[in-house]
Structures are given as structure tokens and as C-alpha cells.
Amino acid sequence: MSDRKKLAGSALGIALLCACTSVFPMGCMTANITDRNMNEVHMYSGENDRQFYDTDSILVVANKKHALPAGYEPGDLVRPQVEMLNECFVRQIASAALEEMFAAAEAEGIHLILGSGYRAESLQRELYDKYTKQYGREVADTISSRPGYSDHQTGLAVDISDHDAKTYLTEEFENTPEGQWLLQHAHEYGFILRYPRGKDAITGYVYEPWHYRYVGTDVANAIYNEGSWLAMEEYCDVEGGTYAN
Ligand SMILES: [Zn+2]
């Protein structure tokens with residue numbers, strides 16, 4: 001059960017307890033109602049929740065257990081008006097939030113650069129095939145997503161660089177002013193740290209301080225969890241980790 005479910009469960013339990021004591025003065029009735037509702041909360045699984053598998057949803061999950069529909073390409077890709085290392089496109093809703101976030105950082109003297117956005121399944125296939133030929137499948141799986149399984153294919157994921165790209169795609173990015181600013185503020189613009197430290201077994205990826213994913217501000221605030229980032233898989237209560245085979 002995720003932390004969010006525990007919180008939701010206990011909050012619901014308390015709310016029911018408070019509401020019920022005035023209606024049902026007998027303690028046992030209160031307890032039964034609370035238990036029944038706690039079980040309902042426990043039974044919830046994101047695996048049955050369509051929004052996590054609907055590519056129209058900003059909460060669509062792409063990980064090593066959940067592939068996107070074959071050949072999926074978002075229909076509303078745009079080029080964000082921000083500085084870029086390479087030509088990048090993301091979904092419109094993420095682009096607007098990204099522009100707002102980059103401007104807010106700039107206003108505080110933090111210069112962010114966009115390094116990567118949407119990645120097509122065909123490009124992912126090229127990369128994965130190249131690594132597979134070079135190193136074998138086992139190694140290829142550790143350095144590249146299989147085509148169809150990449151968060152970047154959703155059009156909602158971005159890799160962000162520091163101002164001079166010295167720490168781009170490295171763990172040192174975390175210690176730069178840019179990396180620190182994102183850790184503290186990305187959620188305010190609807191972005192989450194997609195692969196938090198120590199959550200490899202849940203997300204299927206090692207810590208990536210540069211990779212952010214748009215999920216909207218409500219969910220981003222919940223996943224930010226007052227500074228202790230949850231994995232998206234924990235929040236959505238869906239399967240993650242490594243490939244099934
Ligand atoms: Zn990335």
C-alpha cells in the first residue's frame with residue numbers, strides 16, 4: 001500500500017469516526033463502518049484505473065511493466081519557447097507549464113536549458129537495437145528503454161540541463177543551483193522528479209535528477225510529498241520495476 005493510500009485510509013477513518021460518533025453512539029458500530037471503509041481503500045489498485053493507461057490522460061504511465069500502445073505519437077506536440085540543447089517537442093499542456101517554470105527560474109537567476117523532450121518509438125527502437133547489437137540485451141536494458149516503454153514517448157517528459165551543460169545527464173546535476181531549484185519548485189508547475197533516489201525497484205530506473213515529468217499541479221503537489229518525492233508508480237498504485245521478460 002502506498003503512503004498516499006495509507007494517508008487516504010487514515011484520513012477517511014478519522015473522518016468517519018468523527019462523523020459517526022454523533023450518529024451512532026455505540027463504539028462497535030463505529031468500528032465496523034470504519035473497518036469496512038478502510039478495506040475499500042485498501043482494495044484500490046491503479047491497475048484498474050483507466051486514466052493511468054489512457055494516452056489522452058496526463059497521468060498515463062509508461063514504464064518497464066506498461067508499454068504505450070504500439071506506434072503511439074501524441075497529436076499535440078509543440079516546440080517550447082525556451083533555450084534548448086537539441087531541437088525538442090513536448091505536448092502542448094506540458095510546453096506551457098515548462099515555459100512558465102523556466103521563466104520563474106530565470107526570475108530567480110536560475111538558467112535552465114531543455115535537453116530532451118518527446119522521443120519517437122522509431123528513434124527509441126534504433127537506439128535500443130544499436131545497444132543490443134553492441135552489448136547484448138541484458139546490458140542494453142540497463143542503458144536504454146525498449147521501444148514503446150519510454151516515459152519520453154508520452155510527450156510529457158523532459159530532461160533538463162544546467163546553464164552550461166557541464167552536468168547534463170549526470171548525477172552531479174542534483175548539486176547545481178539548477179538541480180536544487182527544480183527539486184524544490186518543479187511541483188509548483190506540475191512537474192515531478194520521475195525517478196527519485198532509492199526507488200529503482202519501483203520505477204525500474206536509477207536516480208535521474210535531470211528527468212522531470214508533467215502530471216499537473218494537483219498530482220505533482222501530492223507526489224512532492226512535502227519534499228520527499230514519491231515514485232509515480234507508488235502514487236498511482238501501479239506495477240513498475242523491471243521488464244516481465
Ligand atoms: Zn529522460
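1. Asp-159 stands opposite His-211, a residue of strand 6. The two strands involved here are strand 4 (residues 157-161) and strand 6 (residues 211-214), which pair in the antiparallel sense over three bridges. Note that this is a predicted model.

2. Four strands make up an open sheet, in the order 3-4-6-5, with antiparallel pairing. Strand 3 (113-116) and strand 5 (191-193) are at the edges. Each has a single partner strand, so one side of each is left without a neighbour in the sheet. From one strand to the next, the twist averages 45°. As a general point, strands of a sheet pair through backbone hydrogen bonds.

3. What lies across strand 4, strand 5 and strand 6? Helix 3 does, spanning residues 92-107. Helix 3 runs at about 125° to strand 6.

4. Now the core. The largest nonpolar core holds 43 residues. The members that touch the most others are Met-101, Ala-186, Phe-191, Ile-192, Tyr-212 and Ile-223. Two or more residues each come from helix 3, strand 4, strand 5, strand 6, helix 8 (217-224) and helix 9. Helix 3 gives the most, with six residues. In soluble globular proteins, nonpolar side chains tend to be buried together.

5. Ile-223 deserves a look of its own. Setting aside neighbours within four places in sequence, Ile-223 is in contact with Ile-192, Val-215, Trp-229, Leu-230, Met-232 and Tyr-235. Ile-192 is also among the core members that touch the most others.

6. Most residues other than glycine have a negative phi. Leu-169 is not a glycine, yet its phi is positive, at about 60°. Leu-169 sits in the loop between strand 4 and helix 6 (177-185). Is Leu-169 buried or partly exposed? Leu-169 counts as partly exposed, because it has 15 C-beta neighbours inside 10 Å, and a buried residue needs 20 or more.

7. The second case is Asp-237. Its phi is near 60°, again a positive value in a residue other than glycine. Asp-237 is found in the segment after helix 9 (232-236). With 17 other C-beta atoms within 10 Å, Asp-237 is partly exposed.

8. Last, the chain as a whole. The protein chain has nine helices and six strands. Of its 245 residues, 34% are buried. Among contacts between residues at least 6 apart in sequence, 65% join residues at least 24 apart.

Terms used:
Residues numbered from 1 in each chain as written. Predicted model: local features only at pLDDT ≥ 70, side-chain atom pairs only at ≥ 80, totals over all residues. Pairing = 2+ DSSP bridges. Axes fitted to C-alpha atoms, helices over the stretch in contact; angles between N-to-C directions. Contact = placed C-beta atoms within 7 Å. Buried ≥ 20, exposed ≤ 12 C-beta atoms within 10 Å, placed from the backbone. Core = buried A, V, L, I, M, F, W, Y, C linked by C-beta atoms within 7 Å.
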